[in-house]
Amino acid sequence: MGWDEGAVYYSDQAQFPHGGGATGDSRHVVLRKFKEFIRNFPSQPNVFPYREALLENQNYLIINLSDLLSYERDLPELLRQNPADYLPLFETAAAEVLASLKSRVASESGEMEEPEIGEVQILLRSEQDSMSMRSLGAQCISKLVKVSGIVIAASKTKAKATYVTLLCKNCKNVKIVPCRPGLGGAIVPRSCDHVPQVGEDPCPIDPWVVVPDKSKYVDQQTLKLQENPEDVPTGELPRNMLLSIDRHLVQTIVPGTRLTIMGIYSIFQASTSHKGAVAVRQPYVRVVGLEETNEANSRGPANFTVDEKEEFLKFASDSNAYDKICSMVAPSIFGHVDVKKAVTCLLFGGSRKFLPDGVRLRGDINVLLLGDPSTAKSQFLKFVEKTAPVAVYTSGKGSSAAGLTASVIRDNSSREFYLEGGAMVLADGGVVCIDEFDKMRPEDRVAIHEAMEQQTISIAKAGITTVLNSRTSVLAAANPPSGRYDDLKTAQDNIDLQTTILSRFDLIFIVKDIRKYDQDKRIANHIVRVHASAEASRDDTRTSKEYNWLKRYIQYCKTNCHPRLSDSAASMLQESYVKIRQDMRRQSNETGEAAAIPITVRQLEAIVRLSEALARMRLSQVANEDHVSEAIRLFNTSTMDAARSGINQHINLTPEMANEIKQAETQIKRRMGIGSHISERRLVDELTRMGMNESIVRRALIIMHQRDEVEYKRERRVIVRKA
């Protein structure tokens, strides 16, 4: 009866095994019930949502199974157990209801005629929890299932025949054969049913030829659905599932989308399977309803209980909420208070804005941790991976540009190209943690420029031109080129990354391993305590509860709170940005070189995002001056501190080093007379040939420059001003 059923007559016993005595009428009874449901289901008195939805959109109708359950208890169960039999009935019912709702139309002869019965696609929705892809087995075949995951590949659209027209080679007899829905084919009869006349040759075996032009088609597309990264057990590879979508669902999904689908778990004969394995079939899901999972509720249900909401609101109203959340972030790491606050802001994120001209402003915060080994950088990344609702962890050396963004792959069976999303696409709506960021090849690092600012990934490969979403925050950890942060080098030498990528990070932290007796003692005490209590806390469920609570709270804040700056906070931010730019200009004039980290309009937007994230933690819809002042403080202690860092800072000198610097100063003054000038490179080379350490000579020059004894002109030429 449906769009892909054709004139197939079932025996009632096979079709309706539970029908009881009056099986002949069962089909009509169910059809009548479906019709009554679409016509009469009231959401409120005198409001009929399905009837109105059908008139508004005559191509498809979205049915919620909970409504069907409240109207007639048996119907959802019938649909769940035998969806392939009852869905076509439902679609026929919808088409007939639509025809009866339309007014009569005038035909060519002028007489009033009933409108034609068209085709309506039924899409199902359900409130039940989705199953794990790993739990789908033989017991689910031909049943309705609900699965969630990420679409990693989408094929081109194909035309799938619903009715195949066959022509007999001998007698030119025409036969129309229905096709099985999904990935199934048509069953072509072996013989022609034409009765030969006297003297006429009988039709041979297999006389049929397919007439493609006379056949009837619908659009069909196959998708590849992969398990959500957070659902994959540790050490296992993520499972894939083949999906088949048709008609109005085609071309609605791009790779990287998180989906929850309702479908019929079916089987098909794969063309690549072994000849001997006749009874082995490949499973796939024929989709009969899908909903895109919003990025905020991409893990777990988004429906929060009343108790949870009350608890969250009560927590947010506490004046110490910000400090409490920061104390939950990586509790096993000692110190690094500002880094923890920055990571907290990154987890909550700012508000995404859509401007009237179609421009999107990102709300996600990017953070870079740069510094010495063993300063718990990777531990922060691992913590964020566990805590963020959606997170992907990757290491720089093992990540290529295609692995981070998207790759074009050729399908083995169909030999066509399809797109497969990488880490940035899979983490859409979450966080990408990139460790060993400095070890990435420069050409691979360039690939994530667009993803970090425009939050899209453009692909133009192998005839596929498309744009994928990657609305992600980036948390990156890197070491300086020499492995350790070298205070004798300038900031540019220590931060060996291009300014184009640095300006895309909202906060840049330089994490140093400072050797101080008191601090070392406290850190050692903390680490020993952590190791001693590790075994005892393994059984403690409080920590895992805290993790889950923080995850749920982040989810709730992201879903329900979208703060904006207040007017007073905006003017305060404006003044502070102008002041920061002036300070940087003054510094570059004094040192004669541009800052290693540029302070641009992106950094102003970074402070706006931080202010919104701080407001979101308190479930406040307005970011006020307190939030802005804390955001500016965080920005000053991280990015501004990094921009000013390097050799200009006074470091405790050992007596030997001070003595060597004094000797270098004397040699510089001897080599150059007052007012004479020489290039810095040549001067350093000459003094190193005399047996001096290059870093000591550079240090002496910087100290003399700070005392105004030498000055730099264009092209780094040194002039001695006074002896």
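**A parallel sheet and some ring pairs**

Okay, let's start with strand β14, residues 367-371, which pairs with β22 in the parallel sense over 5 bridges. Quick note: this is a predicted model, where local features need pLDDT of at least 70, side-chain atom pairs count only at pLDDT 80 or more, and totals for chains, interfaces and linings use all residues. Residues are numbered from 1 along each chain as its sequence is written, and side-chain values use heavy atoms, leaving out hydrogens and water.

Some terms: strands (E, at least two residues) and helices (H or I, at least four) are DSSP runs numbered from the N terminus, and two strands pair if DSSP finds at least two bridges between them.

Zooming out, 5 strands make an open, parallel sheet, ordered β15-β18-β21-β14-β22. Its edge strands, β15 (391-395) and β22 (507-511), each pair on one side only.

Now, the rings. Rings of Phe, Tyr and Trp (its six-membered ring) pair if their centres lie within 6.5 Å; planes under 30 degrees apart are stacked, over 60 edge-to-face, and the rest tilted. The whole structure has 7 aromatic pairs. Take Phe37 and Tyr71: centres 5.5 Å apart, planes at 65 degrees, so edge-to-face. Phe37 sits in helix α2 (residues 26-40) and Tyr71 in helix α4 (residues 65-71), 34 residues apart.

Are they buried or exposed? Buried means under 20% relative accessible area, exposed over 50%, partly exposed in between, with a 1.4 Å probe and protein chains only. Phe37, at 0%, is buried, while Tyr71, at 29%, is partly exposed.
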